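Work through the exercises below with the structure open beside you. Try each task before you read its solution.

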Amino acid sequence: MFITIFPCEYLKKMNLSRASNVSLCSRRISFQDKVKYTPVLSGFLYRVDTMIKKSIARRLRNVIDEELNKGGKLWIVNEMTVLLAGAHCIKNHEFAFLIYELHEDLFYARNIKKVAQKASAVVVPDYFRAHIMKSRYNLKQLPFVLPNRSDIDFEKMFETERNKKAIEQIKLSKAEGNRILVYMGGVNQERPLEGLLEAIQRIGSWKLAIIGKPSQYLDELQREYSECILNLGAFSPPDHLTIAQFCDIGVLNYVSINKKQGLNAIFCAPNKIYEYTGLGLPVIGNDIPGLRFCISTSMCGELVDYDDPSSIETALNTIVNRYEEYSEAARDFYRATNTDETLKRIISAV
């Protein structure tokens, strides 16, 4: 049983026979989705939507109690659950707690610490984060490390009318002699793209395909680097992968920009690296602890300095000249990460 605030469309797409969805609200409510992105209004509506989610999330405790009375175990699969619903939703229950992001020890995140200390099993996606969180949250045991690996079901990747248009943009650009870098995810200053686009301008014969939601930062990039960008729009999983498989190299870039984000960017644990490598795409990434060791040891890509166009050019040429070798290393990296045994140990601990 999978409990969500709104009905989970993604779960419906997966069509899993042994999984069902209980939603706290019978329909999705989002004012932000009803208007075209504009910086001030969209920011305000985001806060309104968050308040609505917090109000609905108050129902969570009763639903958890009801479902656990039927049997089973409780796994909180995202720290946003307690940020929205509070710490009381898990009172008097044993549970596993999966914390995706590395939050600073600030007031807004106080319930994450409370819940982590009560959990039978704390789960994080990265070894570095496990040690940081053990110290930060004063945990008795080192959290389990469950890599943020996406299980890509290639049989369920199919073209819709909308993603066909995005794929055609990529194919057309390739027919014009370009190779395609792809960036997927939030488009903001924590994942700066100016350096990469400056390099593309200088090198030529490359385009950056961006798969992500509209943002003020994306608007600024398009005004400055319109000839370098293929803005494909945002897509729900797994549609983004259906599109990304037609690209050549995946882009990873994480920068710490403020205290609230802090170490989260430096010690990133991106599922994107598994999405790229699962498709056989080599990657380029900046030299930070969260990327250095998985990229350099697996040889699935190259580390670059995004402030140095020559570093980017060298990395792209290196990958292109040995593309099949890098692509196979990417697939090997994806295949080498097996989460089944870790999952069994986590469930046994609850």
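Helices here are DSSP runs of H or I with at least four residues, and they are numbered from the N terminus. The model is predicted.

**Exercise 1. Find which helix gives the most to the negative patch.**

Step 1. Pick the top contributor. H9 gives the most, with three residues.

Step 2. Check one member. Glu220 sits in helix H9. Its relative accessibility is 34%.

**Exercise 2. Find which element gives the largest share of the positive patch.**

Step 1. Name the residues. Lys54, Lys91, Arg110, Lys114 and Lys118 form a positive surface patch.

Step 2. Assign the share. H5 supplies the largest share, three residues.

Step 3. Take Lys118, which is found in helix H5. Is Lys118 buried or exposed? Its relative accessible area is 56%. The cut-off for exposed is over 50%, so Lys118 is exposed.

**Exercise 3. Describe the nonpolar patch on the surface.**

Step 1. Val35, Leu41 and Phe44 form this patch. Together they have about 250 Å² of accessible area.

Step 2. Classify Val35. With a relative accessible area of 33%, Val35 is partly exposed.

**Exercise 4. Describe the largest nonpolar core.**

Step 1. Recall the background. In soluble globular proteins, nonpolar side chains tend to be buried together.

Step 2. Count the residues. The largest nonpolar core has 36. Phe95, Phe97, Ile99, Ile112 and Val115 have the most contacts inside it.

Step 3. Find the suppliers. Several elements each supply at least two residues of this core, among them helix H3 (60-68), strand E4 (95-98) and helix H6 (127-136).

Step 4. Name the top supplier. H4 gives the most to this core, with four residues.

**Exercise 5. Locate Ala19 and state how far it is from Gly301.**

Step 1. Ala19 is in the loop between helix H1 (9-14) and E2.

Step 2. Its relative accessibility is 32%, so Ala19 counts as partly exposed.

Step 3. In sequence, Ala19 and Gly301 are 282 residues apart. In space, they are 36 Å apart, C-alpha to C-alpha.

How values were computed:
Residues are numbered from 1 along each chain as its sequence is written. This is a predicted model: local features need pLDDT of at least 70, side-chain atom pairs count only at pLDDT 80 or more; totals for chains, interfaces and linings use all residues. Side-chain values use heavy atoms; hydrogens and water are left out. Buried means under 20% relative accessible area, exposed over 50%, partly exposed in between (1.4 Å probe, protein chains only). Patches are made of residues with over 30% relative accessible area and no salt bridge: like charges are joined within 9 Å, nonpolar side chains (Val, Leu, Ile, Met, Phe, Trp, Tyr) within 5 Å. Accessible areas come from the Shrake-Rupley method with a 1.4 Å probe; for residues, only the protein chains shown count as cover. A salt bridge is a side-chain nitrogen of Lys or Arg within 4 Å of a carboxyl oxygen of Asp or Glu. A nonpolar core is a set of buried Ala, Val, Leu, Ile, Met, Phe, Trp, Tyr and Cys residues joined through side-chain atoms within 4.5 Å. Lys and Arg count as positive and Asp and Glu as negative; His and the chain ends are not counted. The place of a charge is taken as NZ of Lys, CZ of Arg, CG of Asp or CD of Glu.
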